[in-house]
Amino acid sequence: MILYKVALLREMSNAQLSPDVVSYSSAIDACSGCRQWAVALSLLREMSENGVSPNVVTYSSCITGLGSCKQWKLALSLLDEMRENKVPPNLITYNSCISACGQAKQWRQALQLIDTMSEQGVRPDTISWNAVITALGASKQWYAALQTLRDMPERAEWWIDIERRFGKT
């Protein structure tokens with residue numbers, strides 16, 4: 001599938017059709033899904049060279065691929081690049097970065113991202129908090145993981161449902 005999508009992208013150029021942000025984003029997503037982060041990153045650079053501006057979907061797809069291969073530093077550098085290019089990160093972008101940090105056991109970075117996203121007006125969801133707790137657990141920071149879970153009730157709506165069903169803890 002990955003080779004097919006990248007080949008189609010190349011064929012578009014050969015047929016004198018200009019690939020657009022959707023074409024590139026689709027190919028980048030295919031590469032990311034197959035853990036071909038270097039190819040995805042190369043396509044991201046290529047699109048910029050060809051005058052096609054990446055959007056939040058493009059960046060998020062590339063960041064997801066980087067995260068699945070423990071390339072957390074590159075994922076965070078893309079997050080910075082997004083800001084420089086005035087592409088506002090969304091919840092999916094931040095969750096992908098937090099997961100990238102978690103998979104690489106970079107729990108401090110994951111916690112910092114939760115704060116950053118809140119400061120930027122992006123509200124963390126259950127996926128965000130689960131990714132932070134997973135990062136803490138993978139790093140053997142069990143006490144911090146439990147503390148984060150305990151502090152979540154003020155921030156997470158799902159905790160209210162648990163308290164209603166089982167009583168306050």
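## Helix 4

In this predicted model, the buried residues of helix 4 are Val56, Thr58, Tyr59, Ser60, Ser61, Cys62, Ile63, Gly65, Leu66 and Gly67. Because 10 of the 13 residues of helix 4 are buried, the helix is largely enclosed by the rest of the structure. Its buried residues pack against helix 2 (21-33), helix 3 (37-49), helix 5 and helix 6.

Helix 4 covers residues 56-68 and reaches 18 Å from its first C-alpha to its last. That is close to the 18 Å expected at 1.5 Å a residue. At the start of helix 4, a side-chain oxygen of Asn55 comes to within 3.0 Å of the backbone nitrogen of Val57. After helix 4 comes Lys70, which has a positive phi near 60 degrees.

## Salt bridges

How many salt bridges does a search of the whole structure find? The search finds 2. One of them joins the side chains of Arg45 and Glu81, with an N to O distance of 2.9 Å. Arg45 lies in helix 3 and Glu81 in helix 5, so this pair ties together parts that are 36 residues apart in sequence. Arg45 is partly exposed, with a relative accessible area of 33%. Glu81 has a relative accessibility of 15% and counts as buried, because buried means under 20%.

Arg83 and Asp80 also form a salt bridge, and their closest N and O atoms are 3.1 Å apart. These two residues are 3 residues apart in helix 5, so about one helical turn separates them. Arg83 is partly exposed at 31% relative accessible area, and Asp80 is partly exposed at 39%.

## Positive phi in two loops

Lys86 sits in the loop between helix 5 (72-84) and helix 6 (91-103). Its phi is near 60 degrees, a positive value in a residue other than glycine. Is Lys86 buried or exposed? Lys86 is exposed, with a relative accessible area of 73%.

Lys105 is placed in the loop between helix 6 and helix 7 (107-119). Lys105 is not a glycine, but its phi is positive, at about 60 degrees.

## A nonpolar surface patch

Which residues make the nonpolar surface patch of about 470 Å²? The patch is made by Trp142, Tyr143, Leu146 and Leu149. Leu149 belongs to helix 9, which runs over residues 142-151. With a relative accessibility of 30%, Leu149 counts as partly exposed.

Key. Residues numbered from 1 in each chain as written. Predicted model: local features only at pLDDT ≥ 70, side-chain atom pairs only at ≥ 80, totals over all residues. Heavy atoms only, no water. Patch = residues over 30% accessible without salt bridge, like charges linked within 9 Å, V, L, I, M, F, W, Y side chains within 5 Å. Areas by Shrake-Rupley, 256 points an atom, 1.4 Å probe, with all protein chains shown as cover. Salt bridge = Lys/Arg side-chain N within 4 Å of Asp/Glu carboxyl O. Helix = DSSP H or I, 4+ residues; strand = E, 2+ residues; numbered from the N terminus. Buried < 20%, exposed > 50% of the residue type's maximum accessible area, 1.4 Å probe, protein only. Expected span 1.5 Å × (residues − 1). Contact = heavy atoms within 4.5 Å. Polar contact = N/O pair within 3.5 Å; in protein donor to acceptor, adjacent residues only side chain to side chain.
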